[in-house]
Amino acid sequence: MITARYHREIPQRYRLEAGKCVKCGGVHFPPRRICPKCKGKAFETVRLSDEGRLVTFTVVRVASDKFSKQTPFAVGIVELNDGVRVTTQIADVEVDKLEVGQKVKLVFRRIQEDGKAGILCYGYKAILA
Amino acid sequence: MRDVAVIGTGMTKFGELWGRSIKDIFVEAAQNAIEDAGVDHIDSLYVGSMSPGLFVGQEHLGAVLADYLGVNPIPATRVESACASGGAAFRQAFLEVASGASDIVLAGGVEKMTDGADVTDVLATAADQEYEVYHGITFPGLYAMIAKAHMHQYGTTREQMAAVAVKNHRNGAKNPNAQFRSEVTLEQVIGSTMVADPLRLLDCSPVSDGAAAVVVASLDVAKKLNKGFAKVIASAQSSDTIALHNRESLTTLKSVVNAAQKAYKMANIKPTDVNLVEVHDCFTIAEIVVSEDLGFFEKGKGGEAVVKGLTAIECGRIPINTSGGLKAKGHPVGATGIAQIIELYEQLTAKAGPRQAKNARIGMAQNMGGSGASCVIHILEAQ
């Protein structure tokens, strides 16, 4: 991955920074320039809740080359306590025992490696709360 | 806007066409469509293709294909809307003729997926690269999450999803252009390799090469040619959030609902007026969800409808994917939306042979991109 492309997402991946629309209060992750709800253009930076519940998930058994060494791994959509939803891996679990509705917490983890000579890429993964 | 008709079609067989290039398969399909239409020229061409740059290292596809088709200097443009690229290309051709800017336009679609690219990675570019794909999700994975949510909310079952694959393979077995001309059993689907729980290999459309093309023309031109044609009575397109996690519902594809509403309004018909439909069954669960979102079945009843046979060719209710769908016919992504139009044309002009549905007067094609971030719907009527 090109380092500039990785670098500019760090506030979101490391610190869960989102944009809260000053006009309607809608929270958007990642931040946007235009609020899709009210078309507002002013935002304040807020940090997302790191706790939530699993809305749906799958176990990826066939991945792209970049992730093939990690299979099988669970990926799900987590609804955080502030209502924002994110797609994330669910780590440290027996993938066959996961259930919709389980409470989870986001933690900081390594996500992928950019080949042998590239950068290590970090971000959030969910673990059972 | 003036009336527009489909006046000719051509397509390659779909499959693993290792000996043939993207240029070669597109030109074959386009040439056949032009000859079938019986026209001596085209005014412009649109080609739908999702990712020739990543699949075969070739962009600027409009120019490449116009050159090899020998139609320079007409305008030639590639249209991209992920797996809905073909449908979007057809829509551009429709709008160009409907507006009066051109009389005869070729709409094609092509994808060459078996040249060695990491197909899972290329297809994933249709999702949010930084906030979905970054975390390792794949396209089977995204639809698996829709499947899991649909099962959780409505009680849709493993067997109901498998029944979609069984039906579509049964139809595909009757289609000479299909990639898979073999039937499969419920047990084979349920016993196939797990790809992304709960979706298995036989829930997934295959990796395919293929090209398809149609000629669209003003109704005046179509009538003068004095041969079979089908009138385009609706063209609609809608968009939704790129990331699945940002949708209000994981079990309803809002782009499909919205495009369908617009299409029904434009054609001035109701879902019950439609005699057959080609839907975008990239995964078995997609056919179930879409059949509900198009208004053919109550929400949550799409799976049950397949098991009851309500979507089979011989059912009389609403035959879905008489061509074999993406599942059995194959899914060279950019070509898919055009191949759907070709199936409607064959059905509406009573040329579908053993796949022919009874009373085929009005047919719908639903083509979508990504996990439903874009949807293109067309409705055609027999003349």
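Start with strand S1 of chain B, residues 4–11, and strand S7 of chain B, residues 209–218. Seven bridges join them, and they run antiparallel. Within that pair, B:Val6 stands opposite B:Val216 in S7(B). On terms: strands here are DSSP runs of E of at least two residues, helices are runs of H or I of at least four, and both are numbered from the N terminus. Two strands pair if DSSP finds at least two bridges between them.

Some ground rules. This is a predicted model, where local features need pLDDT of at least 70 and side-chain atom pairs count only at pLDDT 80 or more, while totals for chains, interfaces and linings use all residues. Residues are numbered from 1 along each chain as its sequence is written, and chains are lettered from A and ligands numbered from 1 in the order in which they are written.

Now the whole sheet. In chain B, nine strands form an open sheet in the order S3-S2-S4-S7-S1-S8-S11-S10-S9, with mixed pairing. Why is one side of S3 (76–79) and of S9 (276–278) of chain B left without a neighbour in the sheet? Both stand at the edges with a single partner strand each, so one side of each has no neighbour there. From one strand to the next, the twist averages 25°.

Next, helices of chain B. Helix H3, residues 61–69, lies across strand S2 (44–48) and S3 of chain B. H3(B) runs at about 135° to S3(B). Axes are lines fitted to C-alpha atoms, for helices over the stretch in contact, and angles run from 0 to 180 degrees between N-to-C directions. Contact means C-beta atoms, placed from the backbone, within 7 Å.

Helix H7 (158–172) and helix H11 (284–293) of chain B pack at about 100°, axes 8 Å apart. H7(B) and H11(B) are therefore roughly perpendicular, a label that covers 65 to 115 degrees. From H7(B), the contact takes B:Gln160, B:Met161, B:Ala162, B:Val164 and B:Ala165. From H11(B) come B:Thr284, B:Ile285, B:Glu287 and B:Ile288. By class, that is six nonpolar, two polar and one charged. Nonpolar covers Ala, Val, Leu, Ile, Met, Phe, Trp, Tyr, Cys and Pro; charged covers Asp, Glu, Lys and Arg; the others, Gly among them, are polar.

On to the interface. 27 residues of chain A are in contact with 28 residues of chain B. Which strands of chain A each supply at least two residues to its side? Strand S4 (51–60), strand S5 (73–80) and strand S6 (85–90) of chain A do. S4(A) gives the largest share, six residues. The chain A side has 14 nonpolar, eight polar and five charged residues.

Last, chain A itself. Chain A has two helices and eight strands. Its order from the N terminus is α-α-β-β-β-β-β-β-β-β. The domain assignment, automatic or from a database, gives domain 1 (1–48) and domain 2 (49–129) of chain A.

Definitions and conventions
Contact = placed C-beta atoms within 7 Å. Parallel < 35°, antiparallel > 145°, perpendicular 65-115°, else oblique.
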